[in-house]
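Hi there,

Here is the structure I promised to pass on.

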Amino acid sequence: ESSAQLAMGEAFGIEAPKHKKHFVIYISLYEQMTTGKLIQLDVDIATRIHVYDDGPNRSLLSVETADRPGLLVDLVKISTDINVAVESGEFDTEGLLAKAKFHVNYKGKSLIEPLQQVLANSLRYFLRRPTTEDLSF
């Protein structure tokens, strides 16, 4: 997959992939130590990314995905890597689900449709990368 294909959504189409990202959550280190067993819980959480116009000078980016350490920093970094400025944001978690909303702009103006698609595709590509299931202490 070339970066141009990824940016324009050609790698997996304009629509979000239909499959859900698969995560394995490790439960309580205390239980693992006392029982000697590794306890796993399989969870499927769909990733949703939307970009809306929110006035002439900014757009609203909405992301729902599985929560993990460093997610907020990664979302902002991906946005700024493609020159989309993050003005403000709101981040919340509901169990294993992370919900983020950001006011974003490009050179002080709201994002045009092609740039909205590039931003959504970039985030979708990054968030669908496989995660490791190895424990690291």
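Predicted model: local features only at pLDDT ≥ 70, side-chain atom pairs only at ≥ 80, totals over all residues.

The buried residues of helix H3 are covered by elements that include E4, E5, E6 and H4. Which residues of H3 are the buried ones? They are Leu71, Leu75, Ile78 and Ser79. These four cover an arc of only 100° around the axis, which puts them on the same side of H3. The general rule behind this is that an α-helix has 3.6 residues a turn, so residues three or four places apart point the same way. On the other side of H3 you will find Val73 and Asp81, which are exposed.

Just after H3 comes Asn83, with a positive phi of about 65°, although Asn83 is not a glycine. Asn83 sits in the loop between H3 and E5. Is Asn83 buried or exposed? With a relative accessibility of 55%, Asn83 counts as exposed, because the cut-off for that is over 50%.

Now to the sheet. It is an open one, made of 4 strands in the order E3-E4-E6-E5, and the pairing is antiparallel. Strand E3 (48-53) and strand E5 (85-94) are at the edges; each has a single partner strand, so one side of each is left without a neighbour in the sheet. From one strand to the next, the twist averages 15°. E3 and strand E4 (residues 59-66) run antiparallel and are joined by 6 bridges. If you want a spot to look at there, Val51 stands opposite Leu61 in E4. Helix H3 (residues 71-81) packs on the sheet, where H3 touches E4, E5 and strand E6 (97-105). The direction of H3 makes about 30° with that of E6.

The other helix to look at is H4 (residues 113-127), which lies across E3 and E4 and runs at about 160° to E3. How accessible is Asn121, and is it buried or exposed? Asn121 has a relative accessible area of 0%, so it is buried. The side chain of Asn121 makes a polar contact with the side chain of Arg124, at 3.3 Å. Asn121 and Ile49 are 72 residues apart along the chain, and their C-alpha atoms are separated by 8.7 Å.

Last, the loop between E6 and H4. Lys107 is found in this loop, and its phi is near 55°, a positive value in a residue other than glycine. Lys107 has a relative accessible area of 70% and is exposed. Ser110 lies in the loop between E6 and H4 too. Which residues does Ser110 touch, leaving aside those up to four places away in sequence? The answer is Asp53, Gly55, Pro56, Asn57, Arg58 and Ser59. For one of these, Arg58, the C-alpha atom is separated from that of Ser110 by 3.9 Å, with the two residues 52 apart along the chain.

That is what I have for now. Do write back with any questions once you have had the structure open for a while.

Best wishes

Technical notes
Residues numbered from 1 in each chain as written. Heavy atoms only, no water. Pairing = 2+ DSSP bridges. Helix = DSSP H or I, 4+ residues; strand = E, 2+ residues; numbered from the N terminus. Axes fitted to C-alpha atoms, helices over the stretch in contact; angles between N-to-C directions. Contact = heavy atoms within 4.5 Å. Buried < 20%, exposed > 50% of the residue type's maximum accessible area, 1.4 Å probe, protein only. Polar contact = N/O pair within 3.5 Å; in protein donor to acceptor, adjacent residues only side chain to side chain. Arc of directions from axis to C-beta.
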